[in-house]
Amino acid sequence: MNLLLSTDYADLPHDQWPEITTRQESKDRGWKFYFTGKPCKYGHMTFRYVAVPNCQICNNYYNEQYRKTDLYKRKALIRGRKHEATEKRKKYHLDPKTKAMKNRASKKFRDTEKGAKSRIGEYWRRIHGVDLPESLLDAMYAQLLVKRELKKLRN
Ligand SMILES: [Zn+2]
């Protein structure tokens, strides 16, 4: 369908009119617009939306009026603030300083008992598909500590 949006087809010769369809026909073809060849109740000879019953010129007018309302302005303000917050969050996570901080935190966590056990558990889950019980994790962690101590003695 050839779309000339915001055009009043009343001014154009009929051979330049788009194909006349019903709302259902356009809907069946997956089009967002339909053209009846008849003016809307305010006299606009243009496309109508399949989704809403308004003609395109009327709809533009309604949208314009809606944008002037306090409700729209409040919503726009909220959208703006949400957008700002999202951008701020994105920036924070992409900041090399944040990455360095996360790395430090994860290294620190690895050295704790909880961190070490979680890594051992993860490894067994990934490689062997086994969920180790807490008692085995304790034993393996103890083993790890023994290895570390032995390494220190050897050095
Ligand atoms: Zn209209």
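**Helices, core and domains**

Student: Are α4 and α5 roughly parallel or roughly perpendicular to each other?
Tutor: This is a predicted model, where local features need pLDDT of at least 70, side-chain atom pairs count only at pLDDT 80 or more, and totals for chains, interfaces and linings use all residues. Residues are numbered from 1 along each chain as its sequence is written. The axes (lines fitted to C-alpha atoms over the stretch in contact, with N-to-C angles from 0 to 180 degrees) of helix α4 (residues 96-111) and α5 cross at roughly 90 degrees and come within 4 Å. With 65 to 115 degrees as the range for the term, α4 and α5 are therefore roughly perpendicular.

Student: Which residues of α5 meet α4?
Tutor: Helices here are DSSP runs of H or I, at least four residues, numbered from the N terminus. Contact means C-beta atoms, placed from the backbone, within 7 Å. On the α4 side are F109, R110 and D111, and their partners in α5 are G115, A116 and R119.

Student: At what angle do α5 and α6 pack?
Tutor: Helix α5 spans residues 113-128 and helix α6 residues 134-154, with axes 10 Å apart and an angle of about 110 degrees. That angle is why α5 counts as roughly perpendicular to α6. E113, A116, K117, I120 and G121 of α5 touch L137, M140, Y141 and L144 of α6. So the packing angle is about 110 degrees.

Student: Is S118 partly exposed or buried?
Tutor: S118 sits in helix α5, and its C-alpha is 8.6 Å from that of L137, 19 residues away in sequence. By C-beta atoms within 10 Å, placed from the backbone, 20 or more others means buried, 12 or fewer exposed, and in between partly exposed. Because S118 has 14 such neighbours, it is partly exposed.

Student: And K82, exposed or buried?
Tutor: K82 belongs to helix α3 (residues 70-94). K82 and L71 are 11 residues apart in sequence, with C-alpha atoms 17 Å apart. K82 has 10 C-beta neighbours inside 10 Å, so it is exposed.

Student: Which residues form the largest nonpolar core?
Tutor: Such a core joins buried Ala, Val, Leu, Ile, Met, Phe, Trp, Tyr and Cys residues through C-beta atoms within 7 Å. Beyond four places in sequence, Y34 contacts residues including F47, R48 and V50. The five core members are Y34, F35, F47, C55 and I57.

Student: How far apart are the centres of domain 1 and domain 2?
Tutor: The domain assignment gives domain 1 as 9-57 and domain 2 as 97-154. Their C-alpha centres are separated by 67 Å.

Key
Domain bounds come from an automatic or database domain assignment. Two residues are in contact if their C-beta atoms, placed from the backbone, lie within 7 Å. Helices (H or I, at least four residues) and strands (E, at least two) are DSSP runs, numbered from the N terminus. Angles under 35 degrees count as roughly parallel, over 145 as roughly antiparallel, 65 to 115 as roughly perpendicular and the rest as oblique.
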